[in-house]
Amino acid sequence: MLDSLFFPQPLLAALEEVLEQNQTALWWYTALVRFVFPILALLILLRAFRGLLRLRRTPECWGQLALPGGGSIPICHWENILGRAPLADIRLDFPTVSRQHAVLVREESGAWKVTDLGSKGGTLVNGAAVEGSAPLQMGDTLSVGGIELLFLPLSQEEEKKLLSRRRSEGPVSMWPSLLLLTLFQILAAVQLLIGNLEERGLYPLVMLALTAVMWLYVLIMRGLGSRGFELETIAFFLSTLSLAVTLSSAPASVVKQLVALVLGLIFLVVLGIWLRDTARIQKLRWLMAGLAIGLLLATVVLGQTKYGASNWIILGPFSFQPSEIAKIFYIFAGAAGLERLFRRRNLWLFMVMTGACLLCLAKMSDFGTASIFFATFLVIAYLRSGDFATLSLICGGAVFAGVLILQFKPYIFRRFASWGHAWEAASSTGYQQTRAMSAAASGGLVGMGPGEGWLKNIAAADTDLVFGVLCEEWGLIIALLAVLSILVLALFATWACRMGRCAFPTIAACAAGSLFVVQTMLNVFGAMDLLPLTGVTFPFVSNGGSAMIASWGLLAFLKAADTRERASFAIEGGLRKGKGGART
């Protein structure tokens, strides 16, 4: 019905007649384009990968602490733990210094302050004891456990070198990749149009609408001064595969998927701009925690069951998964709530919030999403506390809780029982996995062609089994490139963490990257029977409006951690003096 509203029947009939008269040419087109797609995908992604992975490995220097016996220690972050612990940002290996003695923080105005962390040896600034926090200016003497340090700025020559290095290591130009991606999208639209015009109508032209959205976004952001589009190029490539899979498996949903992508782009920009202001982040952390728990509680009350989990809210013709959006609020609240720094009670508050979220997900029987939340919790908690002992106890408790759940949820136990034995239950609990594996094997390296597979007829082919559809229709090369794209996003987050200026963007980026990896692993390994099939989506690729919006929203955390000049709209480029710590 929607198709007939957009595309008149005479036009469909005329195109169908043209296709019927050129069957031989179209057969050759399909045969050749299958080999062109992997080449284009490699060329598109290699440039984006190179731009992200050439990120410098040495952090920026924002000052230095001169040691009493000569030499100095560089200050490489805006938030620095001073102490004797091996994981301290500024390690002072003296017996009078506590493991976590004090913290040195650069505020948004550019001013510095030092906070004592309840140390035994005390902290002094110019001979005055620090009770709580105290300002620290260039040239002041900082005494940590009796060890006197001189707080010194960078020299003008060092500042010039830093600025020069940032400019030389800026983002690569993505115009070639964007042009190739446009060609990729056009060829895919033509192939999907050829596949079955009677069934899909002119829905494949939605792929060209994606091209228009992509270029509009890039041109607007370029006009506003942004240069780094490596992250978006990867996301647009994966989203192109998502529209292709949706057109193949559930063509009536493709317009909805495109609308969700546009909403996700808007979410990306709005959230990225919000992340500029670290003071605002702190003010919003309780609101974000409330939204994360509130969305999950609303789902517990109003949720309806699909595929064994009550994680859908259906309002007339619209349905969405609040747990997908809750991931963004959860990471925001977790990273921001732990940023005011290094107090153990903050970790316990985060544990309480996580426990509330996991209880809601357990009530919904959405244990795939619960696993993702728990893995994200471990990443955030470790980055903030570094406390292996506490996290080990938490993991032990989680395993015990998982065993109890299997006892009270027998259908989940049956799903686990078929894990690794799908072929022995090919007509029952292993039905989806065996079909996905068969389809993946039939696709070979280059696939059967977009829209030409048969796995699309199996339930959840465009969501839980999307990796099998990619392998069958697009080939193993492109399917593995999609997985590699997620791994590169996570690797970029890890490298950005080493150069991070302050805690929130680096912790949030690592949390988002780990969430992407865990979610992809559960989706891919579940479809291939390497892990139990948990019903989670492949980021950016699986069909689903809520999942698409959430994927683009999570990308904002990775953008915020990108410190390259003009690479992120969350951080303005250039080494500038003056107000706006997040803009320097």
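## Around glycine 443

Leaving aside its neighbours within four places in sequence, glycine 443 is in contact with Met448, Cys471, Glu472 and Gly475. This is a predicted model, so take every value here as coming from a prediction. Glycine 443 sits in helix α16, which covers residues 431–443. Buried or exposed, what is glycine 443? With a relative accessible area of 6%, glycine 443 is buried.

## Two residues with positive phi

Let's move on to the backbone. Most residues other than glycine have a negative phi. Alanine 460 has a positive one, about 65°, although it is not a glycine. You'll find alanine 460 in the loop between α16 and α17 (466–474), and it is buried, with a relative accessible area of 6%.

Aspartate 529 is another case: its phi is near 65°, again a positive value in a residue other than glycine. Aspartate 529 belongs to the loop between α19 and α20. At 10% relative accessibility, aspartate 529 counts as buried because the cut-off for that is under 20%.

## The nonpolar cores

Now for the inside. The largest nonpolar core has 134 residues, and those with the most contacts inside it are Phe184, Phe332, Trp552 and Phe557. Which helix gives this core its largest share? That's helix α19 (residues 503–527), with 13 residues. Apart from this core lies another, made of 23 residues, including Val97, Trp112, Val114 and Val125.

Phenylalanine 557 is worth a look. Not counting residues up to four places away in sequence, phenylalanine 557 touches Leu271, Leu275, Ile328, Ile331, Phe332, Phe504, Pro505, Ala508, Ala509 and Ala512.

## Helices α8 and α20

Two packed helices are described by the angle between their axes and the distance between the axes. For helix α8 (residues 230–249) and helix α20 (residues 545–560), the axes come within 11 Å and cross at roughly 165°. Angles over 145 degrees count as roughly antiparallel, and α8 and α20 are therefore roughly antiparallel to each other. Their crossing is right-handed.

Which residues make the contact? On the α8 side they are Leu231, Glu232, Ala235, Phe236, Ser239 and Ser242. Helix α20 brings Met548, Trp552, Leu555, Leu558 and Lys559.

On to the strands, which pair in a sheet through backbone hydrogen bonds, either parallel or antiparallel. Strand β1 (residues 63–66) is covered on both faces: Gly63 and Leu65 are buried on one side, and Gln64 and Ala66 on the other.

β1 pairs with strand β2 (residues 72–75) in the antiparallel sense over four bridges, with alanine 66 opposite serine 72. The two form a hairpin with five residues between them, and glycine 70 in the turn has a positive phi of about 105°. β1 also runs antiparallel to strand β11 (residues 147–152), joined to it by three bridges. Here leucine 65 stands opposite phenylalanine 151.

## A five-stranded sheet

In what order do the five strands of the open sheet come? They run β4-β3-β5-β6-β9, with mixed pairing. At the edges are β4 (90–91) and β9 (133–136), each pairing on one side only.

Strand β6 (residues 112–116) pairs with β9 in the antiparallel sense over four bridges. In this pairing, threonine 115 has serine 133 of β9 as its bridge partner.

Terms used
Residues are numbered from 1 along each chain as its sequence is written. This is a predicted model: local features need pLDDT of at least 70, side-chain atom pairs count only at pLDDT 80 or more; totals for chains, interfaces and linings use all residues. Side-chain values use heavy atoms; hydrogens and water are left out. A nonpolar core is a set of buried Ala, Val, Leu, Ile, Met, Phe, Trp, Tyr and Cys residues joined through side-chain atoms within 4.5 Å. Buried means under 20% relative accessible area, exposed over 50%, partly exposed in between (1.4 Å probe, protein chains only). Contact means heavy atoms within 4.5 Å. Two strands pair if DSSP finds at least two bridges between them. Axes are lines fitted to C-alpha atoms, for helices over the stretch in contact, and angles run from 0 to 180 degrees between N-to-C directions. Angles under 35 degrees count as roughly parallel, over 145 as roughly antiparallel, 65 to 115 as roughly perpendicular and the rest as oblique. A crossing is left-handed if the near helix is turned anticlockwise from the far one by less than a right angle, and right-handed if clockwise.
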